[in-house]
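This briefing is for a reader who is meeting the structure for the first time.

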Amino acid sequence: MHFDVIIIGAGAAGLMCAAQAAARGRHVLLVDHAETLGERIRISGGGRCNFTNRTVSADNYLSQNPHFCRSALARFSQFDFIAMIEKRRIPYHEREHGQLFCDESAQDIIDMLRDACDDGGVKWAFPCAVLHIERQGGETAKRYFVATEQGNFSCQSLVVATGGLAIPKIGASPFGYRLAEQFGLPVVPPKPALVPLALAPELLEPMKPLAGATLDAIAQFDDAQFRENVLITHRGLSGPAILQISSYWQMQEYRQGKKLPVEINLLPAFDAATWLEEHRQGRVHLPNLLAEHLPRRFAHEWCALQGGEKMLTRPISELSRRDLEAVAAKLNAWPLMPAGTLGFAKAEVTLGGVSTDALSSKTMEAKAAPGLFFVGEVVDVTGWLGGYNFQWAWSSGWVAGQFA
C-alpha cells in the first residue's frame with residue numbers, strides 16, 4: 001500500500017507531525033512498535049506531563065550546532081502549543097521556572113493529538129515492528145519502501161520520530177540512529193542526559209555520611225549553572241540541579257583534553273570568604289556557623305570531610321587563614337569529579353543523535369536523502385529539564401509536518 005507520508009514513532013514528535021501532515025491533506029501512516037501511543041508523554045511529570053515552558057529559546061538547548069533549533073522553535077513556539085491546549089480546554093498550571101503541567105492527566109495531551117490525527121484520517125499500525133527500509137529507484141529517488149510485521153508499504157516522505165535511548169524499559173532503541181547511518185547521515189554518539197552522576201568508590205566512601213542530604217545549591221560547569229536542589233545519594237549526585245548540569249558535563253565527551261569536575265556552590269546567596277572573615281574573631285565552631293545556612297548534619301559531616309577533627313573541635317578564631325580560605329573556596333565551588341552517569345535507564349533524555357549538519361533546519365529533511373525527515377529526540381538537540389524537550393518535539397514535528 002502506498003502513502004504520501006509514513007511516520008515511524010508515535011511519541012510526541014511523531015504524533016504532532018502526523019496531525020500536521022494529515023491536516024494538509026496528506027495520506028499518512030503512523031507506525032510504532034509499542035502497544036500504547038505516547039508512553040513517554042503518559043509517564044512524564046508524574047503522569048501530568050510537563051508539556052512546555054513559558055520561556056523557551058535556543059539557549060535552553062545543547063547541540064553540536066546550538067543555532068539549529070532556532071528556526072523550528074520560532075515557527076511553532078511554546079505559545080502555539082499553549083494555544084492548542086487552551087483550544088482543547090485542557091486545564092493546566094504553572095510551577096517553578098515556568099514549567100507547565102496538565103491539571104489532571106497527561107492522557108489529555110495524548111487524546112488531543114490522537115484526535116487531531118483521526119480528524120485528518122491518519123492510519124495506524126501498532127504494535128508493529130519495522131523490519132527493514134530501503135529507498136527505491138536510486139540515490140535521488142524520493143520514494144521509500146518500508147517492510148513491517150503488518151505488511152509492506154511505500155511512501156514519498158518518511159519521517160523518523162523514534163526517540164533516543166533514554167528509559168529503555170518503555171522501548172527506547174537505537175533504531176533511528178541505525179537508519180540515519182544506513183542512508184549515510186552522521187550520528188553524534190548518543191549519551192545519557194538529564195541524568196544522575198555517579199562518583200568513584202574512592203570519592204564516594206568518605207562521602208557516605210553525607211548521603212541523603214538535600215541542599216539548595218548551584219551546580220556549575222563551565223559557564224552553565226543551575227540553582228535548584230542537589231541531592232547527595234549513596235551512588236553519587238542527583239536532584240534537579242545535577243540533572244541539568246549533567247548534560248553540560250557530558251558534552252565533554254565530544255571534546256579533546258582533560259575532563260573537568262562539576263562544582264557545587266553550597267552557599268549560593270553570598271561570598272563565603274567574606275562571610276567567614278566577618279566571623280573570624282568569634283568563638284563559634286565552623287559546623288555550627290554553616291548550620292545557619294545548611295542542614296545541620298550535612299554541615300557537621302562536610303566539615304569533617306574537609307578538615308577532620310580540627311574543623312569540628314576548634315573555634316573559627318583558632319583556625320588558620322589558610323584553612324579558612326580553603327574552606328571558603330570549596331563552599332562556593334566544591335569540585336566533584338563524576339566517574340560517569342547512572343546510564344540511560346535513569347536518564348530523562350539522550351544527548352547527541354542525528355547530526356544537525358545533515359538536516360535542513362527549515363524542514364527537518366535530510367540534505368543527502370530527499371524525502372527522509374528526522375524529528376524529536378533522535379536529532380542532536382537536547383533541552384533542559386522543565387518542558388523544553390517536549391517543546392522541541394512539538395516544534396520539530398510541526399515543521400516536518402508542513403513539508404513531508
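Arg88 has a relative accessible area of 36% and is therefore partly exposed, a class lying between buried (under 20% relative accessible area) and exposed (over 50%), judged with a 1.4 Å probe on protein chains only. This is a predicted model, in which local features need pLDDT of at least 70 and side-chain atom pairs count only at pLDDT 80 or more, while totals for chains, interfaces and linings use all residues. Residues are numbered from 1 along each chain as its sequence is written, and side-chain values use heavy atoms, with hydrogens and water left out.

- Arg88 forms a salt bridge with Asp115 at 2.7 Å, N to O, the term meaning a side-chain nitrogen of Lys or Arg within 4 Å of a carboxyl oxygen of Asp or Glu.
- Asp115 belongs to helix H5 (residues 107-119) and Arg88 to helix H4 (residues 78-88), 27 residues apart; helices (H or I, at least four residues) and strands (E, at least two) are DSSP runs, numbered from the N terminus.
- Asp115 is partly exposed, at 30% relative accessible area.

- Because Arg321 lies in helix H12 (residues 321-332) and Glu277 in helix H9 (residues 272-278), the pair ties together parts 44 residues apart in sequence.
- Arg321 is partly exposed at 41% relative accessibility, and Glu277 is partly exposed at 40%.

**Overall count**
- By this rule, the count comes to 12 salt bridges.
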